[in-house]
Amino acid sequence: QLDHGYALHTAATDCLSSVVSQDVPSLAERTKAVFYTSENDPANHADHHEGRHYSIPLEEVKAVFPHGLPHRFQQQIKTFNEACLMVRKPALELFAYLKSTNFAHPAVRYVIYGEKGTGKTMTLCHVVHYCATTFLLLTAHLWVKNCRELMQSSYNKERLDQPLQASSWLKNFKTSNERFLKEIKTQKKYVWGTRESTEEGRPLGEVVEQGLARVRNASDAVGVVLKEIKQQCHLGSFRLLVAVDGVNALWGRTTLKKEDKSPVSPEELTLVHNLRKMMMNDWSGGAVVTTLSQTGSVFKPSSAYLPQELLGKEGFDALDPFVPIPVPNYSPREFESCYRYYLDRKWLQHDK
Amino acid sequence: MAPVGAAVVAGSGPWAVLSRCCGRVAVPRLFGGAAYSSLPAASSGAGQQREASIRRRGRTPQFVRSHAPPRTERMSVDQDWSSVYPTAASFKPASVPLPIRMGYPVKRGVPPPKEGNLELIKIPNFLHLTPPAIKKHCAALKDFCTEWPSALDSDEKCEQHFPIEVETVDYISAGTSIRNPKARVVTLRVKLSNLNLDEHAKKKLIKLVGERYCKDTDILTITTDRCPLRRQNYDYGIHLLTVLYHESWKTEMWESEKTEEDMEEYIWENSCSQKNALDTLLRIKASENVSNVTKEELLASEVVKNYRNSVIALKNEGETENNMSQYKESVKKLLNIQTSP
């Protein structure tokens, strides 16, 4: 591994020092192999791919990550017209764990943590892409933060709904998990209003449709979907991956206020309440991968990045025992690789 | 003007002395009030000359003094400093032979020098308390002291025989009365390891005294000044210590309602973490169809002990990379996660 790094370094220095017009084809190809790999299936990523970029075809991006990618990365995709992700050690570690999970055991929870800007969300996206084909996906991103409308819950008088976010989530859920929605059947009868109800044994897609059609009941539809999936997961017909970005938002304080200006605590939000139930490891047949994020959390100092600081006592007790996965900054090798990629894309320019 | 000035400057010593001692007096009065000047005969002549020079320059009272070199230039390197500053005195730039600068510098300049520097005069200085001066003080006080007991030759022996340290301060000042209200303050210091306390008593005592206990040095400090006399304060301090000691040994009925928030450190038994871990393990065992494993067996197993230690370390010591990796290993072992090769 040492010579590899050395070769990379010499290649980089050669490239920088030589005039651009000469020697370009062979050097460029050689250097491209260093930061780029053509192995586009995350299932086959292994240690020797570490530090290299692989690209995700654009149609898959729309299908797998309808709402999940960080804003900057979305801009980058638009600029470069391709989505390139670097293969890094934390992601490879997670793949190893996920490959060897025993689906009869209760779901294991993984918490990705690290300082700001080290690539936690990107690691999560990598894992989500890996699981896209094999698992049923359930992704949730930063729900609690920006909320426009709050409504009193139709199901439970003490809770509050977030209809807009619930309906957008249902839409995204539909696009990413089309085929599963037809297979899973409801196990109970759900009554939405005086005239609408979903019978037992109907495919789950109907519940999603119902939520999309009647925005008032969207949050409850989300709750129903989550409950059904959880109950049926252990039967083994499908495997569930719950991917949550910014899981520390589920515990802690919100900036939302009720009509009488009293602060809203997260339990009072229906969506948060249902998601917390998913975080428990009382179901089996899947895994829970989460990241901590300081950027979305209010009332926490900006230097906090360790799990206990961001999750708080409640969150830690709820998630315990979990496997923490630290994400460090780029190593010198990864930095070179990223830098080479940007040079190749002509994003970084020489003076010449 | 110049000749007049020259005449004054070139004057001999008494001339210079005259100008200095009359310096503070306002110029017009010099020749008006003969009572001010000490040498009336000489002063009249000088006064007229000065008056002439003043009238010529306008009314600004600028005395041209002959500057004698400051005393610092005549100081030898091995002089006796305690005679220069025998008592606390303000900073005199001509008496301190140090090239000190103090103050905020102007733009692209340096801090102002010590001559006429108000900043240096304002601040307290300890020029009168140099080590040789203190040695002399000690030598003078020695005649009033008794011998230190020879059996107490180390700190540990002192602490062993006299665990409580009582601190009082005496104040001397030159004034109309020898009393000083600050002299009634009494400070008692004792190490809790020297007191006979068990776990519960120690925790209760620390909760009772609050801020007066320092965790790093294990010292309890009681400062009393509520009584008018020092003896009364000392008695009160001892009384407080006695009361604290006896109260902390008692257990009240309401102490059984102590909740998790009141605990000083994290106890793993009966905590959420233990419940979660046990639940998870039971579920794992159930899924593998292993026959009923009892809770005690689970608790006594190696993996759970490992997990317990790592959680306690995390909560009590805060999070470090070390702690987190330990926790990670223990959780992996607990949940039986293997990485495929």
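This short talk walks through a predicted model with chains A and B.

First, the ground rules. Residues count from 1 along each chain as its sequence is written, chains are lettered from A in the order in which they are written, and side-chain values use heavy atoms, with hydrogens and water left out. Because the model is predicted, local features need pLDDT of at least 70 and side-chain atom pairs count only at pLDDT 80 or more, while totals for chains, interfaces and linings use all residues.

Let's start with confidence. pLDDT is the predictor's confidence in each residue, from 0 to 100. Chain A averages 73. In chain A, 78% of the residues score at least 70. Where does pLDDT stay under 50 in chain A? One stretch is residues 1–25. The model gives that stretch 16 contacts beyond four places in sequence; contact means heavy atoms within 4.5 Å. Another stretch is 142–149, with 24 such contacts.

Now the inside. A nonpolar core is a set of buried Ala, Val, Leu, Ile, Met, Phe, Trp, Tyr and Cys residues joined through side-chain atoms within 4.5 Å. Buried means under 20% relative accessible area, exposed over 50%, partly exposed in between, with a 1.4 Å probe and protein chains only. The largest core has 98 residues. A:Tyr110, A:Val247 and A:Met279 have the most contacts inside it. Helix α10(A) gives this core its largest share, 8 residues. Helices here are DSSP runs of H or I, at least four residues; strands are runs of E, at least two; both are numbered from the N terminus. Apart from this core lies another, of 13 residues, including B:Val186 and B:Leu205.

What does A:Tyr110 touch beyond four places in sequence? Its contacts include A:Leu94, A:Ile325 and, from chain B, B:Ile337.

Next, helix α9 of chain A, residues 204–213. Its buried residues include A:Leu204, A:Val207 and A:Gln210. Among the elements covering them are α7, α8, β8 and α10 of chain A.

On to chain B. It has 14 helices and 4 strands. Of its 341 residues, 26% count as buried. Take contacts in chain B with a separation of 6 or more: 54% join residues 24 or more positions apart.

Last, one residue on chain B. B:Leu129 sits in the loop between α6 (118–122) and α7 (131–141). Is B:Leu129 buried, partly exposed or exposed? B:Leu129 is partly exposed, because its relative accessible area is 33%.
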